[in-house]
Amino acid sequence: MTQTARNVASFQKALFFVYICFLILNVYMNIGIIGSGTMGAGIAQVAATHGNQVIVVDSNQTALQKAEAGLLVTLEKLSAKGKLSAERAAQIAGNISWNGSPDSLSDADLVIEAIVENLEVKQQLFANLEGIVRESCILASNTSSLSITSIASVCRKPERVVGLHFFNPAALMELVEIVPALQTNAAVTDTAREIIDSWNKKTVVAKDTPGFIVNRIARPFYSESIRLYEEGIADIATIDYALRTYGGFKMGAFELMDLIGHDVNYTVNETVCRSFYYDQKYTPSFAQKRLVEARWHGRKSGRGFYNYAENAVQPAANTDEALCRSIAERVIVMLIHEAAHALYLNIASRGDIELAMTKGVNYPKGLLQWGNEWGTAKVAAKLDELYEWYHEDRYRCSPLLRKAELL
Ligand SMILES: NC(=O)c1ccc[n+]([C@@H]2O[C@H](COP(=O)([O-])OP(=O)(O)OC[C@H]3O[C@@H](n4cnc5c(N)ncnc54)[C@H](O)[C@@H]3O)[C@@H](O)[C@H]2O)c1
C-alpha cells in the first residue's frame, strides 16, 4: 500500500468515526464558519438552531460585530412574533461564538467558508486551514461560481473538500447544493449531505460545473425575457404579467432581477457565460449591463427595470392572451431545454434537478415534468422554429429532447 493510499484509508476511518457519532450517538458537531457576511451569518444561524456549537471567523472585526448584532435582532424579532421562545433564542445565540482568527477552528468537524468570491483568496484560506483543523475535518466552500476542484487542488488532503452551496437568505431557503470536487472522497459527500439534511434542508448533488444546478438552469428565465424585451416583442410589464399569469411563476423576470439586484444578477450572467467558454446561450444583455453602469441596481437603489420612487407610475401590461401565452411558452421552452440538457450531461439526477428548481427558485413545477406534460417533440419543435428564424446557436436543441419521449 502506498503512503497516499494509507493516508486516504486513515482519513476514511476518521471520517467514518465522525459520521457514526453524528448518526447514531446524535452528537452535535463543532461547526466553523469563515466569513460573517450575508451568507456566513445565515449559515451560522441555521447550524446553531440545530444544536451545533458554531464558531464564526472573519478577518474584519466590524463585520463580525455587525453580524452578531444582526443575528440578535433577527432572534428577537422571531421571539416577538412568537416563533421562538425567549429561552430558545438565547440558546441559539449562546451556541455561536464570534472570533477573529481561524486558529479557533482546531476542534471543528466541518468548516464552511463564505468569504469573498475570489479563487486565489479562497485557495490561500483552504491551504492555511489544513494546518489548523483536525485530520477528519470536512472543508466546505459556499462559492456560487468558482470550481470546487480548483479550490481543493491546493489542499494536502483534497479528498476532504466539498461545495455546500446555500441560497440567500440561508436561514429561510430550503435548498443546499452539494458539490463534490473531482478529488472529493464519496464518504465526504455522503457525510456532508447527512449533516445538511439534519439541518432541515433539502439537498441535491450537483456536478462541479459552472452554476451547478440552479444558477445554470435558471439562466433563460432572465435572458430569454430580456431578449423578448430588447427585440420589442413586449415591454417589461407585459412579459412579467405573462410569466405570472400563464407561467404560474410567483414573480416575473424583471421584478425578480430588480429584487435580486442587477449588480449580483448581471455578474452571475457574465461569470456563467465566461465559464462556458462564451456559449451564446449564456450571453449577457446590454439592457442589463447599462442598468449596472447607471447603478440602477433595482429595488435596493430605487430604480432598476422599474422605478421605485414613491410617486412613480408603473407601466401597464398588455394583457392580450395570445401574446402573453406565446411569451410564457417561449421562456418555459428555453427553461425546459436547459433542464433537459443538464440531465443529458449528467449534471444531476432527474429528481435532484426537479427538487433544485422547485425549492431553489420556487418554480411552480419541475421543468422535466413540464417538458413531459407538453411533450418533448413539441418542445423540440418550438426550439427548431426559433433556430430556423434566428440561426443562432442559442436555440440549438439538446439531443435528449429528440431521443427521449419522456424526460
Ligand atoms: N450573497 C448571495 O446571495 C450568495 C448566495 C450563495 C452563495 N454566495 C457565496 O457566498 C460567499 C460569501 O458571499 P456573501 O454575499 O456572504 O459575501 P459578504 O461580502 O456579505 O461577506 C463576506 C465576508 O467575508 C469576510 N472575508 C473576506 N475575506 C476573508 C478572509 N480571507 N478571511 C476571513 N474573512 C474574510 C469579509 O470581511 C465579509 O464579512 C461568496 O463565495 C458568494 O459567492 C453568496
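By class, the shell around the ligand comprises 10 nonpolar, 11 polar and two charged residues, where Ala, Val, Leu, Ile, Met, Phe, Trp, Tyr, Cys and Pro count as nonpolar, Asp, Glu, Lys and Arg as charged, and the others, Gly among them, as polar. The model is predicted: local features need pLDDT of at least 70, side-chain atom pairs count only at pLDDT 80 or more, and totals for chains, interfaces and linings use all residues. Residues are numbered from 1 along each chain as its sequence is written.

The ligand is surrounded by 23 residues (C-beta atom, placed from the backbone, within 6 Å of the molecule), and the closest are Gly35, Gly37, Met39, Ala63 and Asn168. Helix H2 (38-49) and helix H5 (119-129) each contribute at least two shell residues; H2 gives the most, with three. Helices (H or I, at least four residues) and strands (E, at least two) are DSSP runs, numbered from the N terminus.

The chain is assigned domain 1 (3-205) and domain 2 (216-403), with bounds from an automatic or database domain assignment. Their centres, taken over C-alpha atoms, are separated by 32 Å. Eight residues of domain 1 are in contact with eight of domain 2 (C-beta atoms, placed from the backbone, within 7 Å). On the domain 1 side, strand S7 (175-180) and strand S8 (202-205) give two or more residues, and the largest share, three residues, comes from S8.

Turning to helix H16 (residues 367-374), its buried residues are Leu367, Leu368, Trp370 and Gly371 (20 or more other C-beta atoms, placed from the backbone, within 10 Å of the residue's own). Seen down the H16 axis, these buried residues fall within an arc of 155 degrees, so they line one face of the helix; the arc is that of the directions from the helix axis to the C-beta atoms.

Methods: A residue is buried if 20 or more other C-beta atoms lie within 10 Å of its own, exposed if 12 or fewer, and partly exposed in between; C-beta atoms are placed from the backbone. Two residues are in contact if their C-beta atoms, placed from the backbone, lie within 7 Å.
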